[in-house]
Amino acid sequence: MDKLKQLAKELLSNNQVQIIVGYEEGTVGKARPAFISSPDQADTLIYDERCIHNLAVYLTQHKLPGNTKIAVIASFPVMKSIITLASEKQLDENFIKVIGISKDNNIIEFKDFADIERYINQQDLSFTPEEQALIDKIDAMSMEERWEYWQNEFSRCFKCYACRSACPMCYCTLCITDFNQPQWVSVPSHKLGNFEWHINRAMHLAGRCIGCDECSRACPLDLPINLLTKKLSMDIQKQFGYSAGQSLTEPYALSTYKPDDKETFIR
Amino acid sequence: MATENYKLLKKESLPALFDKLTASGKTIYAPVKNGEKTEFDVVTKYSNDINDEYIQTVQSLKGTVFPKVEKLFDYKSDKTDTSIQEPDFSKFPQNVLWGLHPCDAAAFRPLDATFRWDYDDKYFLTRMKLTTVVGLSCSKHDDYCFCTSVDISPASSDGSDIMLTKNKAGDYLVEIVTEKGQEVYDMAKELFGEISDDKESYITDVPKKFDLNELNKNLDGSFEAPYWLAQSMRCIGCGACAYVCPTCTCFDLQDEGAANKGSRIKCWDSCGFGHFTLHTSGHNPRETQSQRWRQRILHKFSYMPDRIKVFGCMGCGRCSRACPVDMNISENLIKIMEEPKNE
């Protein structure tokens, strides 16, 4: 990854960007997100199979002063997140440079977001057999079994909201669960509160989830909540032909009305 | 290193002891193996799934004395007549917390000091009074452990009512530390023997990473230090660290139900959340994640020792293991001591 370090140094030295969001060596053998602001720090950048955090989450957190130009190291899920965020008008292209990394670890310097969109659509976008198998396992359960399964899983939740914090698509400044006038979602992490939170989270991400699995990876209790949003993505793809992270212009399936909708009730 | 006299609890006596505890109405929490992981769970009998060689669980047993959700009372209001129904404190469970490591046993001190600081929290204090802590010395540790840096030893009996150390034969050297411990011993005297041994020889050696008092002094005048922002850049602002922490005590009060009938509930909260300090006026004194990260560190290592004479970190390393973005607390504490406070 010497080329990545070199590129980072160039971008910072000629002030094309002021911050690079990438990865560095963490503690106890982990990799972790890093913020590089000077060329001499660029040597700490790494990229390998441990670099799995979805860095797009940092693009909407407003931690950096306004007018800061950011470069972000983008694995495939990060690219898809950026396209979704851009399609939802959350990112200003003039302030974000995307340094893509292909599946075979080559650096791709994207000119603009449209360039990322083109690249994404050249890749295999189908769900992997492993993803499909996880969903099939839940689908094969009876209603009662499924209810039992999710009750068990949700009962363990203590509402630390790591799933929300780690998700690039959860960028609301006031999340529905923090809204208290009126109180939409029950706050305590009891049975009702946990069900309300996880169903809300899943529904708000329905078809917006790009499938990076960061939510369940961030969960300290290993709740398989990524399956909920993944299943909804599959359903929405099937019903509306819409998949998140693939188009800058196609409007989001669940907030769009088309006069030629195939369903007659809505016309 | 010295040979001392201990009570001896043989491995084969454990089923009988657990049966006695259960029969006497105790609820036993023990570290139970589940695949690769070990977590505390309620058990009624001893089984081979109980793991006495685990390093650390994801969650502590804080929830047994400070539940993640706890109903404080039911209320009823009929125009002018308002009544409150508190729970029956005599029905609170008598818990035996089996096999906690010294960091977790010591964690009850700051919890206790917090919940009786300016007000006696009778929910916590009742639960604590009914709790017997059976500590277990550590035979293993990992790179996240740093108990020795916060002045706790992997063999310390502080906070335990009974202290166990596993010897080479797989039996336990037993220290009866408190009266509560004595009660359990008296209940099952016939299961215990006597032995002379050196418990220190079975203990893992946790390297000391920093000096606690030096850190505490170093934090004076650190409020405006540049490192808070630098360290917290990658923090995503979730509450994982606080919720796995055995000493974090932030809570929220929620009324559920209607105006004339409902319940008041105490539930976990975290100072790491953006809205934790949001005022009704709209002003937020801890508006940024760096301010919230600073609060986390200063609360545990400066405000708590100043106000309630006990540090708020036991070196269990749970927060660092659980953090989705590797905010490793001991790494950051060491950096705080190395880096300048002023730009």
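**Notebook: salt bridges, domains and a chain contact**

**Entry 1**
I started with Lys97(A), which counts as buried at 18% relative accessibility (buried means under 20% relative accessible area, exposed over 50%, partly exposed in between, with a 1.4 Å probe and protein chains only). Before going on, I noted that this is a predicted model, where local features need pLDDT of at least 70 and side-chain atom pairs count only at pLDDT 80 or more, while totals for chains, interfaces and linings use all residues. My bookkeeping is that residues are numbered from 1 along each chain as its sequence is written, chains are lettered from A and ligands numbered from 1 in the order in which they are written, and side-chain values use heavy atoms, with hydrogens and water left out.

What does the side chain of Lys97(A) meet in a salt bridge? I found Glu109(A), at 3.6 Å from N to O (a salt bridge is a side-chain nitrogen of Lys or Arg within 4 Å of a carboxyl oxygen of Asp or Glu). Lys97(A) sits in strand β5 (residues 96-101) of chain A and Glu109(A) in strand β6 (residues 107-109), 12 residues apart. Helices (H or I, at least four residues) and strands (E, at least two) are DSSP runs, numbered from the N terminus. Is Glu109(A) buried or partly exposed? Glu109(A) is partly exposed, at 45% relative accessibility.

A reminder to myself: side chains of opposite charge can pair when their charged atoms come close.

**Entry 1: salt bridges in chain B**
Next I looked up Arg321(B), whose side chain meets that of Asp142(B) in a salt bridge of 2.9 Å, N to O. Arg321(B) lies in helix α10 and Asp142(B) in the loop between β7 (131-136) and β8 (162-166) of chain B, so this pair ties together parts that are 179 residues apart in sequence. Arg321(B) is partly exposed at 22% relative accessibility.

I also noted Asp211(B) with Lys208(B), where the closest N and O atoms are 3.7 Å apart. Asp211(B) has a relative accessible area of 29%, which means partly exposed. How many salt bridges are there over all chains? The count comes to 40.

**Entry 2: two domains in chain A**
I moved on to the domain assignment, which gives chain A a domain 1 (2-121) and a domain 2 (129-255); such bounds come from an automatic or database domain assignment. The centres of these two domains of chain A, taken over C-alpha atoms, are 26 Å apart. In chain A, 22 residues of domain 1 are in contact with 17 residues of domain 2 (contact means heavy atoms within 4.5 Å).

Between them, domain 1 and domain 2 of chain A bury about 1,700 Å², 57% of it on carbon and sulfur atoms. Buried area is the accessible area (1.4 Å probe) that two parts lose on being put together, summed over both. Which residues of domain 1 of chain A lose the most area to domain 2? I got Lys80(A), Thr84(A) and Glu88(A), together 25% of what that side buries.

One salt bridge is counted between the two domains of chain A. I also jotted down that Arg208(A) and Glu88(A) meet in a salt bridge through their side chains, at 2.8 Å from N to O.

**Entry 3: where chain B meets chain A**
Here I counted 37 residues from chain B and 38 residues from chain A in the contact. The area buried between the chains is about 2,800 Å², with carbon and sulfur atoms giving 57%. Lys68(B), Met233(B) and Ile236(B) supply 22% of the area that chain B buries against chain A, more than any other three residues.

Three salt bridges cross this interface. In one salt bridge, Asp326(B) pairs with Arg32(A), their closest N and O atoms 3.1 Å apart. I traced a network of salt bridges that links Glu24(A), Arg32(A), Asp326(B), Glu331(B) and Lys335(B).

I looked up Asn332(B) in helix α11 (residues 329-338) of chain B. Asn332(B) is buried, at a relative accessible area of 2%. Leaving aside neighbours within four places in sequence, Asn332(B) is in contact with Gln231(B), Trp293(B) and Met327(B).

Not counting residues up to four places away in sequence, I found Gly262(B) touching Phe73(B), Asp74(B), Tyr75(B), Glu256(B) and Gly257(B). Gln289(B) is 27 residues from Gly262(B) in sequence and 35 Å away in space, C-alpha to C-alpha.
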